[in-house]
Amino acid sequence: MLSQSKNNFLGYIYTILIILSTINALHSQEKDIKFNFQKNPTNTDYWWLQNNNFGKEVSEFSSESNFKFEKSKTTYVINLFSSFNKNKLKKIYFNESFIKHSLSDNTIFKFGRYYRDFSTYLIDDLSSGSLLISHNAQAMPKIGLMTTYVIKKNNNISFDFGIAHAMFNKNEVYQKNPLLHEKFLYINIKNKNYLGSIGFVHEAMWGGDIDSNHKFSGKQPSSFSDFLKVLISADGPADFPHANALGNHLGIWDFSFQKKNNDKILKLYYQHLFEDTSGLRFQNKTDGLWGLELTRYFLDTTILFEYINTTNQSINPPYVKEQYYNHDLYASGWSYKGLTLGNPFIDHLNAVDIAALHLGVKGSLSNNYFYKIKLSRNIKIDDMIKYKITLRKIINDKSKISIFMVNNGNSKGLGINISQNL
């Protein structure tokens, strides 16, 4: 009889073979298949190894299989993650894996596990993370619809709209999965050299069944009429813990500006976080994520500066007492499978003020050598700089190898990543 570890490994290989067979059967017009293998340092909890890593469990070894193929108006994306310790396969799961179908030139339907279709200006592999949906946790199961409308008399003005529904996981707090309602609306103004955008994004946790061991327990309102209340942030029942709004609501005002000067790009953005009407009206002042990005201002380099501030979240209680990512009823907060859904600097279990600086830089040293640097520090406390420094060599048009260094205080760790395209 095969051992359990061998069974797990064979199951992993079998899954990949099924995916490859499916791709060939679909006769896709375009294919993109990539495999990654990574050796991680595991002697301590390194910040930039644990955070913004797609919810992956950090183990001695990990692998990632990425499949993307297109057929006509439909795109298929499959991401398969696995973690190993020596010869034992610990965990295997699908992360951002979805089907995207174009219903028309401007309207897209999406189904599966995926992150977000808003804040598209954000460079996720350099940023500290979106305030609402970053790459910190595993992608949630979600279904959504997105569309763009361009004003006919002035095609420099367009509107982006999207609506989606997702599901949280069961855990020690939730006996039945809470649901997620998501919608966004953006107005975009562009000309030859610049693009300005103002957006409004609304997220709401609702439904589910709270375990009896918690303060507010029992089955939560989840009928269609309740959903309509969630849709417009209407009042809940009189005996609901937060009768001014059914469910747990949060969102951002999303501002961005981009200017092009030949091949140079200047980008400014601000995500203003709110969790009730006080934040919606900017009573929490300048809290949120501020960003500046410069591309090709210095050779072939992208430089990103960010400032994350939450110091005004409870400056005037009870009117301004937002306690970002935290909630009395939904006690697991703004998280999925134990990990923060938004920016990892904000704690989803404790409302702690932070003021953090973040720097992300990436570029090329030569035709075959590339680098990426992430540096972060919480200046609100006595904190050391958290960093991840990566150097990548292009071996050929299909193979790459990277080494990276991460830290946790004075502790440092080295890792290696090997990537192969088919």
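**Exercise 1. Work out what share of the contacts with a separation of 6 or more joins residues 24 or more positions apart in the chain, and describe the overall fold.**

Solution. Begin with the contacts, where contact means heavy atoms within 4.5 Å: residues 24 or more positions apart account for 56% of those in the chain with a separation of 6 or more. The model is a predicted one, in which local features need pLDDT of at least 70 and side-chain atom pairs count only at pLDDT 80 or more, while totals for chains, interfaces and linings use all residues. Residues are numbered from 1 along each chain as its sequence is written, and side-chain values use heavy atoms, with hydrogens and water left out.

Next, take the secondary structure, which comes to 4 helices and 24 strands; helices (H or I, at least four residues) and strands (E, at least two) are DSSP runs, numbered from the N terminus.

Then turn to the dimensions. The C-alpha atoms fill a box of roughly 65 × 60 × 55 Å along the principal axes. The radius of gyration, taken over C-alpha atoms, is compared with a globule rule of 2.2 Å times the number of residues to the power 0.38; for 422 residues a compact globule would have a value near 22 Å, and the chain, at 22 Å, agrees with this.

The chain has 48 positive and 36 negative side chains, and the centres of the two sets lie 7 Å apart; here Lys and Arg count as positive and Asp and Glu as negative, without His and the chain ends, and each charge is placed at NZ of Lys, CZ of Arg, CG of Asp or CD of Glu.

**Exercise 2. Identify the buried residues of helix α3 and say how they are arranged around its axis.**

Solution. Start with the helix, residues 224–231, whose buried residues are D226, F227 and V230. Seen down the axis of α3, these buried residues fall within an arc of 100°, so they line one face of the helix; the arc is that of the directions from the helix axis to the C-beta atoms. As background, an α-helix has 3.6 residues a turn, so residues three or four places apart point the same way.

The next step is to find the partners of the buried residues of α3, which pack against β8 (157–167), β10 (179–190), β11 (194–206) and β14 (248–261). Just after α3, S233 takes a positive phi of about 60°.

**Exercise 3. Find where the backbone has a cis peptide bond, and state the phi of F54 and of L299.**

Solution. Recall that most residues other than glycine have a negative phi, and most peptide bonds are trans. A cis bond joins P317 and P318, with omega about 5°, and P318 sits in the loop between β17 (301–309) and β18 (335–336).

F54, although not a glycine, has a positive phi of about 65°; F54 is found in the loop between α2 (47–50) and β2, and is partly exposed at a relative accessible area of 25%. L299 has a positive phi near 55° and lies in the loop between β16 (288–295) and β17, where, at 77% relative accessibility, L299 counts as exposed.

How values were computed
Buried < 20%, exposed > 50% of the residue type's maximum accessible area, 1.4 Å probe, protein only.
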